[in-house]
Amino acid sequence: MLKFFSKKQDHKDQPPDQRDAVAENRVHAPRPVDEQGFFSRLREGLSRTRTGFTGRLDRLFLGKKEITEDLLEELEEILFTSDIGVATTQELIEEVQAKVARKELKDPQKLKEALKEMISSFLEVPLRPHGAPMSGEPLVIMVVGVNGVGKTTTIAKAAHRFRTEGKGVMLVAADTFRAAAVEQLSIWGERAGVPVIKQQKGADPSAVAYDGVAAGLARKADVVLIDTAGRLHTRTNLMEELQKINRVIGKKLPGAPHEVWLVLDATTGQNAISQAELFNEAVGVTHIVLTKLDGTAKGGIVVGISKQLGIPIKFIGIGEKMDDLRPFVPRDFVQAIFE
Ligand SMILES: Nc1nc2c(ncn2[C@@H]2O[C@H](COP(=O)(O)OP(=O)(O)OP(=O)(O)O)[C@@H](O)[C@H]2O)c(=O)[nH]1
Ligand SMILES: [Mg+2]
């Protein structure tokens, strides 16, 4: 097992002000060679959103010579049904109206390019302040989200990513509610070649998380990913449980969890926004992972999430395979949706 953690980390010798940037680079590292088909795979994964959104835009603009109120009304409808969200849709339409009034925009054919630019600017969400591990300590990431959104799968995919970057990874099965949950994480751990810290079903999730962080420290892991439950017995409040995990691991390793990833299922559309508000209030979400973008035409939710929540999207899930978790790059995303 120790062989996974033997790789020396240069960045730990860097001054604290640079550590954050290095920690961030762990997931925004240059794309590995196996991602050469990156863009086409992204494009393929987002095909349903693209046909639903750009396909309809193209049909709307076809043969039109002027930007009329009727055209804007139809545009509003397309934006709204792509799950961009009411507030964001309104903002986009108002910006277009203002551009038309100022005569900066006349030709419907140019409207698409203008929308693309506006949407791109909405997607540029600055990183939130979050911790970085101290020298010799692991980066601890707590992964949260409601039942079935893709937390465990995301952890497996992220573990695979970190491993290909040469990092020592450890998984922690703090979802002790479902019997199958621990088993599922163990299977993924085996596939990704990383150890899994676990206890029996029904164990206290905070105790498992504490053990996981302790093991990560002892074995000098670079990254510890903690899987949590999406649902508990009705008597226990999920948010309180997550807050407890948060507190308990902070006792073992001050500053941990350094990152809290909220996993959201893109197919749930606007519902994802209210979930994010709840989790953020309870445990302070630092990054969002948006899964199942491949199965939906509701990809516009990416825009709504960025604009309304101001929480950066770290990864998007575009399929069920190990390498179907992609760093969210606004420019690539917009390109894949519009072209
Ligand atoms: N198509 C597609 N399916 C995904 C993606 N991410 C996860 N899934 C699927 O979603 C289902 C649920 O994933 P899990 O990882 O078990 O979800 P979870 O949040 O851990 O669920 P609980 O532990 O029950 O709360 C699985 O069948 C995954 O394969 C994705 O990006 N695309
Ligand atoms: Mg799970």
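1. A quick definition before we start: two residues are in contact when heavy atoms of theirs lie within 4.5 Å. Keep that in mind for Ile 305, which, leaving aside its neighbours within four places in sequence, is in contact with Leu 264, Ile 273, Ile 288, Leu 290, Gly 310 and Ile 313.

2. Some housekeeping: this is a predicted model, where local features need pLDDT of at least 70, side-chain atom pairs count only at pLDDT 80 or more, and totals for chains, interfaces and linings use all residues. Residues are numbered from 1 along each chain as its sequence is written, chains are lettered from A and ligands numbered from 1 in the order in which they are written, and side-chain values use heavy atoms, with hydrogens and water left out.

3. Now the overall picture. You'll find 13 helices and eight strands in the chain (DSSP runs numbered from the N terminus: helices are H or I with at least four residues, strands are E with at least two). Of its 339 residues, 54% count as buried (buried is under 20% relative accessible area, exposed over 50%, partly exposed in between, with a 1.4 Å probe and protein chains only). Among contacts with a separation of 6 or more, 79% join residues 24 or more positions apart.

4. Back to Ile 305, which sits in helix H12 (residues 301-309). Is Ile 305 buried or exposed? Its relative accessibility is 0%, so Ile 305 counts as buried.

5. Next, ligand 1. There are 20 residues around it, and Lys 151, Thr 152, Thr 153, Asp 294 and Glu 320 come nearest (near means a heavy atom within 4 Å). Helix H7 (residues 151-164) gives the largest share of this shell, four residues. By type, the shell divides into three nonpolar, ten polar and seven charged residues (nonpolar: Ala, Val, Leu, Ile, Met, Phe, Trp, Tyr, Cys and Pro; charged: Asp, Glu, Lys and Arg; polar: the others, Gly among them).

6. Which atoms reach oxygen atoms of ligand 1? A polar side-chain atom of Lys 151 lies 2.8 Å from one, and a polar side-chain atom of Gln 184 lies 3.0 Å from one. From Gly 319, a backbone N or O atom lies 3.3 Å from an oxygen of the ligand. Taken alone, ligand 1 exposes 650 Å², and the protein buries 82% of that (areas by the Shrake-Rupley method with a 1.4 Å probe; for residues, only the protein chains shown count as cover).

7. Helix H7 also holds Lys 157 and Arg 161. Lys 157 counts as buried because its relative accessibility is 5%, and Arg 161 counts as buried because its value is 10%. Not counting residues up to four places away in sequence, Lys 157 touches Gly 319, Glu 320, Lys 321, Met 322, Asp 324 and Leu 325. The side chain of Arg 161 reaches the backbone oxygen of Leu 325 at 2.8 Å.

8. Last, helix H9 (residues 205-218). Its 14 residues reach 20 Å from first C-alpha to last, close to the 20 Å expected at 1.5 Å a residue (the expected span is 1.5 Å times one less than the number of residues). Its buried residues include Val 208, Ala 209, Gly 212 and Val 213, and their cover includes strand E1 (139-144) and helix H10 (238-252). After H9 comes Lys 220, with a positive phi near 55°.

Conventions:
A polar contact is a pair of N or O atoms within 3.5 Å; within protein, one must be able to donate a hydrogen and the other to accept it, and residues adjacent in sequence count only if both atoms are side-chain atoms.
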